[in-house]
Amino acid sequence: MANELKKSTPKVAEKPAPKKKAANPKPVAAAPAKKSPASSSFKKEKEEKVDLKKLAKDERTHKILGTVSLLMSVFLFISFVSYFSTWKEDQSQIFNKGIGFLFDSGSKVANLLGRLGAYASHGLIRQSFGLASFLFCCFFFVVGINLITARKVFSIWRNLRYVTIGLIILSVTLSFLFSSFDFPFGGSVGDMINNWLKAFLGTIGTAALLLVVGGSYLIWQFNPTFKVPIRDKEFSAENETARLTIEEDEAEEKEEPLQQEPSLIALAKQAATINDLYAEKEDAKQHESNPNALNGDGEMVLSINPAKEEKDYGFHLTEREEDKATIEEEEPLHVNEPVEESITGEILHKEEEAITREVPFEIKEEPKPRKREQAVENLELEIKSKEDEIEEDGEPERQKDYSDLPPYEPTLDLRDYKYPSVDLLEAHGSEKIVQDPAELEANKNQIINTLKNYDITIQKISATVGPTVTLYEIVPAAGVRISRIKNLEDDIALSLAALGIRIIAPIPGKGTIGIEVPNVKKTIVSMRTLLSAEKFTHNTFSLPIAIGKKIDNENFIVDLASMPHLLMAGATGQGKSVGLNAVLVSLLYKKHPSQLKFVLIDPKKVELSVYRHIETHFLAKLPGEEDAIITDTKKVIHTLNALCIEMDNRYDLLKEAGARNIKEYNEKFTKRRLNPQKGHQFLPFIVLVVDEFADLIMTAGKEVEMPIARLAQLARAVGIHLIIATQRPSVNIITGTIKANFPARIAFKVSSKIDSRTILDAGGAEQLIGKGDMLISYNGEITRLQCAFVDTPEVEKIVDFISDQRGYPQAFMLPEYVDEKEMEGKDFDMSDKDPLFGDAAKLIVQNQMGSTSLIQRRMKLGYNRAGRLMDQLEAAGIVGPNLGSKAREVLVKTEADLFEILETLS
Ligand SMILES: Nc1ncnc2c1ncn2[C@@H]1O[C@H](COP(=O)(O)OP(=O)(O)OP(=O)(O)O)[C@@H](O)[C@H]1O
């Protein structure tokens with residue numbers, strides 16, 4: 001009965017009073033629009049009400065009001081401006097006739113907008129706020145624009161505040177500054193306040209006060225939370241692929257003079273913005289992929305980046321494909337236009353033998369982040385049973401509309417927080433790739449000759465020089481079987497006398513075969529370069545991570561949120577820890593403490609300990625724990641289970657809010673459509689990092705594997721992402737369950753092909769050369785990358801920079817997890833009960849919720865004491881047993897019953 005009453009109450013409240021009598025409650029929602037069979041007297045009353053409401057809400061009414069408001073703004077503006085020259089003439093008449101002036105057709109008016117203009121400007125400027133009255137024009141303009149466009153182009157409330165305060169401060173200031181003039185600069189209001197202030201504080205005091213107030217007003221208006229965008233000083237030289245084209249002329253040993261093609265100069269000029277330049281590059285890639293574009297005999301195309309010294313070789317600006325197509329044999333070779341600091345060029349080598357042809361060089365496409373995000377979002381819509389549940393049962397919570405309030409800004413908690421600057425990072429060695437043309441030439445000849453020895457002729461060969469390896473792409477002559485080249489892998493490696501040869505036969509999506517040969521001189525990819533790249537500073541990813549550079553020197557920057565989890569494996573000393581740091585540092589550079597929390601698990605105890613200083617900014621931990629970085633296996637199990645509880649709690653919140661994922665949920669929350677009093681809160685992303693996964697599996701096995709697998713399967717929609725690293729990539733560590741849930745995997749150098757297969761489902765990682773050389777399997781593709789290098793002192797500097805700033809009072813608290821096994825068989829002596837036992841029991845019974853965190857929060861107790869109290873309440877039969885992630889059942893339903901129990905216990 002009570003329930004029925006409750007249910008019907010809101011409906012009755014929503015309905016207009018007469019409708020209460022309508023027998024059928026169904027038409028309630030649609031009632032205003034539908035004709036009901038009710039009596040005609042009812043109908044009339046209802047329609048009238050609805051019409052008025054409709055009229056007020058009608059778009060056209062808004063537009064009309066908006067137009068009127070805009071006209072008011074213009075009217076006032078013109079009359080105010082006209083007032084400057086006409087005020088004296090009109091003023092005496094208005095003083096004499098008062099309001100009658102408006103209707104006295106005999107009055108001579110000077111104001112451009114007639115008697116009304118004269119009267120309005122007199123009233124507002126002379127009699128009120130002086131020149132500050134121009135703010136009225138602003139206000140009407142803002143209102144008009146909002147009404148006409150039916151959008152909150154400007155915030156009306158904010159403008160109202162600014163206009164009100166501005167009117168007073170400006171009028172007083174103008175009155176103070178121009179008190180000796182006849183013209184009413186400050187108006188009567190300004191003069192009155194100014195005179196009072198002068199009498200009260202003296203002239204100097206008034207001046208000082210106005211300065212302080214004016215300054216504060218400006219600060220208030222230009223709220224210091226405005227972030228100064230961190231600009232990219234060293235703009236993305238590395239993003240542009242440099243290419244050099246060298247033509248060797250066997251007859252002439254000297255180099256050709258440098259020529260510039262006018263078309264390219266024009267092109268470079270046109271490329272006024274960086275975006276344009278990128279677009280150009282994309283086009284160029286497509287053109288160049290057409291092998292028939294060039295006709296130079298025996299040429300080899302090499303691409304090198306960057307190539308500032310190219311001028312030494314005498315290169316020339318070219319307009320890509322069109323220019324290449326017109327290259328004559330004797331013609332000097334071309335360099336693509338410089339883009340900011342980078343130079344693009346191509347080296348064409350002419351061969352003695354007529355076996356090689358020049359091959360256009362292709363830059364591998366990076367996955368388009370937007371499409372990728374879209375794809376992942378679509379996936380999220382499909383698969384999770386949790387989300388299906390939301391779809392079926394999830395009634396979007398009816399909330400009060402708080403949309404008039406400004407949007408919630410989570411970063412305001414720590415509004416002064418400053419993001420680390422790239423200056424904290426080192427530029428390791430030279431930024432540009434050092435490539436020896438002689439080395440390229442020698443390798444190319446070696447490849448051609450080795451293949452020739454096995455009767456494999458090739459049509460074309462090209463090279464792309466990356467930071468660590470050079471990719472030679474060959475097109476075999478017609479009829480040559482790819483598998484033959486693949487089988488010669490070891491022979492080619494031997495004849496090139498280099499470690500780390502990797503043959504990709506064929507390169508996916510191309511008709512070519514790739515041979516990767518390590519460079520003699522390797523270039524370190526500095527984290528600094530990646531983090532200052534435009535692709536990193538200006539992306540819209542939720543969790544951007546800069547991992548390294550591809551072979552064509554493009555930065556590999558992806559969204560961890562769309563990965564959605566990452567597995568990193570590699571033998572010891574091959575760059576795993578550096579890789580982990582690169583990921584963590586990228587996130588620290590892009591996220592505010594309110595948006596991201598890390599759960600760090602480090603059984604080795606040393607790798608992640610540097611991050612302990614940012615506990616109150618970025619770390620999450622278990623309640624009652626001292627250290628945020630977890631090193632003990634038992635605690636790891638607790639933490640992983642607590643994360644599962646956090647995940648379940650978040651799903652509950654999402655379900656209640658009718659949101660499908662964290663993005664939608666946070667959007668609703670920031671738009672104030674979710675009520676914090678009902679437990680809603682802004683949800684930060686949580687990134688779980690496990691540094692040595694093998695150790696954990698060895699010691700805890702399934703107890704660790706199961707929660708990890710559960711999180712990996714379900715947690716991405718609620719913003720929990722996993723990064724797991726291991727030294728031992730064997731099948732008993734990286735099990736099928738784990739692998740199936742980690743689609744993005746990184747392999748540093750490993751010791752055997754089997755290990756490589758375990759991680760990537762493909763060989764190749766055993767042929768890497770270490771020091772951050774890695775393969776990443778992402779989006780169904782395996783890409784070779786040179787991992788960004790960030791040294792421990794750099795990480796320390798970043799951590800210090802963050803920890804020197806104000807953080808939260810404590811680390812982000814994960815939900816409590818109580819191990820049932822540990823709790824079993826614990827009996828409590830009732831005579832030894834906690835002094836707060838009675839209070840805790842009352843709290844639990846009143847709220848009918850058996851939750852330790854409720855006791856902890858409301859009674860302001862530590863986790864351990866609250867836990868003990870809960871155990872005692874269980875022993876006294878007030879609450880039921882622990883239900884893991886759910887609150888315990890409360891067995892006592894009324895306070896009267898509780899009173900009886902307490903009586904018997906005391
Ligand atoms: N991206 C990189 N660029 C250049 N050098 C690197 C890179 N990554 C690692 N190195 C070099 O390799 C060394 C070992 O790297 P790292 O400590 O990351 O290895 P690890 O795989 O974590 O080893 P362990 O498993 O023993 O901790 C580094 O000290 C550094 O000199």
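Trainee: How many residues surround the ligand, and which are the closest?

Mentor: Keep in mind that this is a predicted model. There are 14 residues around the ligand, and Gly575, Lys576, Ser577, Gly772 and Phe789 are the closest.

Trainee: Which helix gives the largest share of that shell?

Mentor: That's α19, residues 576-590, with three residues.

Trainee: And how does the shell divide into nonpolar, polar and charged?

Mentor: Eight are polar, four are nonpolar and two are charged.

Trainee: What does β10 pair with over five bridges?

Mentor: With β11, residues 555-559, in the antiparallel sense. Within that pairing, Gly548 has Phe556 as its bridge partner. Four residues sit between the two strands of the hairpin, and Asn553 takes a positive phi near 70° there.

Trainee: And which strand pairs with β10 over three bridges?

Mentor: β19, residues 781-787, again antiparallel to β10. In that strand, Gln786 stands opposite Lys549.

Trainee: New topic: α6. What span does it reach from first C-alpha to last?

Mentor: It reaches 30 Å over 22 residues, 156-177, which is close to the 32 Å expected at 1.5 Å a residue.

Trainee: Which residues of α6 are buried?

Mentor: Leu167, then Leu170, Ser171, Val172, Thr173, Leu174, Ser175 and Phe176.

Terms used. Residues are numbered from 1 along each chain as its sequence is written. This is a predicted model: local features need pLDDT of at least 70, side-chain atom pairs count only at pLDDT 80 or more; totals for chains, interfaces and linings use all residues. A residue is near a molecule or strand if its C-beta atom, placed from the backbone, lies within 6 Å of it. Ala, Val, Leu, Ile, Met, Phe, Trp, Tyr, Cys and Pro count as nonpolar, Asp, Glu, Lys and Arg as charged, and the others, Gly among them, as polar. The expected span of a helix is 1.5 Å times one less than its number of residues. A residue is buried if 20 or more other C-beta atoms lie within 10 Å of its own, exposed if 12 or fewer, and partly exposed in between; C-beta atoms are placed from the backbone. Two strands pair if DSSP finds at least two bridges between them.
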